[in-house]
Structures are given as C-alpha cells and as structure tokens.
Amino acid sequence: MSYLWVTLGSAFGGLLRYAITRWGVTLGLVSPWSTVLINVLGCFFIGWFGTFTLHSGRYPLSDNARLFVMVGICGGFTTFSSFSLQTYDLFRSGDWWRAAINVAASVILCLAAVAAGHRVAYHSVPQVAVAETAEEEYTG
C-alpha cells in the first residue's frame, strides 16, 4: 500500500512542479531560477513537515501519510535531476560562471531551507526532534 501512496504523492508533486515552472516562465524567470525556487520550497517544506509530524512530535502522522508527503509529493516536486541537467548544460555550453552560481545557490539555499523548515516546526514540538527509525532517517 505504501507504493500507492508514494505514486499518488509523486504525481501531485510533479504537477505542482510543472505549474510553478510554467508560472516562472510567465514571470520571465530564466533557467535555472524556477528550478532553484522549487528546490528551496521543497527543502523548506520537507524540513518543516518532517519535524512537525515525527511519531513523537506534536502532530504525529502515520508512516503512509509521511511517505505520501515526504517521498511522494516532495520527491515529485523537487527537481534535483532537472538541476543536474541544467547545470551540466551550462557547463557544456561554456557558461561556467552561471553553472557555479547555480550549484552554490541551490546547495546553500536548499540546506538553509531545510534548516528553516525544521526550526519553524521545532518551535511547535516540545522535545528535540530527530529521526527515530531507519525509515524516518531515509524519508527525512
């Protein structure tokens, strides 16, 4: 049953990613900034949700609900493969400076977003929130 939840979440996450990418195009965002935005949003959300819904947290959820959101939606939404392809294309075209900025911005902003999401949720959880099981460690 967990595979079904991950599949459904992935479809929804992919749809969200496509919608935000199209929205970015209408705003005139050039590649790879829509991808950076999507990765930062996804990283913030997984950091917040993962902490907020731990089994010992304030609002614990079932493993299937966490899989649906964290592996499914976040996995379908975040775009590390797109990031990698866009960065490779920038390198290949000789645009080393933009490629380096893309890598640095994505890594630094996404790590900061995970930390920020964790901190936002942490204030709602009375005890220290850490992964308690191997499954939580894998899913966030």
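User: Which residues in H1 meet which residues in H2?

Analyst: This is a predicted model, and in it Arg17, Ile20, Thr21, Trp23 and Gly24 of H1 meet Ser34, Leu37, Ile38 and Leu41 of H2. The residues of this contact between H1 and H2 divide into five nonpolar, three polar and one charged.

User: How should I read the way the two helices are placed, and at what angle do H1 and H2 pack?

Analyst: Helix H1 covers residues 2-27 and helix H2 covers residues 33-52, and they pack at an angle of about 140°, with their axes 9 Å apart. Angles over 145 degrees count as roughly antiparallel and those from 65 to 115 as roughly perpendicular, and H1 and H2 are therefore oblique to each other. As for the handedness, H1 passes H2 in a right-handed crossing.

User: How is a pair of aromatic rings described, and how many aromatic pairs does a search of the whole structure find?

Analyst: In general, a pair of aromatic rings is described by the distance of the centres and the angle of the planes. A search of the whole structure finds eight aromatic pairs. One of them joins Phe45 and Trp48, whose ring centres are 5.6 Å apart and whose planes stand at 40°, so this pair is tilted.

User: Where do Phe45 and Trp48 lie, and are they buried or partly exposed?

Analyst: Both Phe45 and Trp48 lie in helix H2, where they are three residues apart, about one turn of the helix. Phe45 is partly exposed, with a relative accessible area of 32%, and Trp48 is also partly exposed, with a relative accessible area of 24%. Trp48 pairs with Phe49 as well: the centres of these two rings are 6.3 Å apart and their planes are at 50°, so the pair is tilted. Phe49 itself is buried, because its relative accessible area is 8%.

Conventions
Residues numbered from 1 in each chain as written. Predicted model: local features only at pLDDT ≥ 70, side-chain atom pairs only at ≥ 80, totals over all residues. Heavy atoms only, no water. Axes fitted to C-alpha atoms, helices over the stretch in contact; angles between N-to-C directions. Helix = DSSP H or I, 4+ residues; strand = E, 2+ residues; numbered from the N terminus. Parallel < 35°, antiparallel > 145°, perpendicular 65-115°, else oblique. Left-handed = near helix turned anticlockwise from the far one by under 90°. Contact = heavy atoms within 4.5 Å. Nonpolar A, V, L, I, M, F, W, Y, C, P; charged D, E, K, R; others polar. Phe/Tyr/Trp six-rings, centres within 6.5 Å; stacked < 30°, edge-to-face > 60°. Buried < 20%, exposed > 50% of the residue type's maximum accessible area, 1.4 Å probe, protein only.
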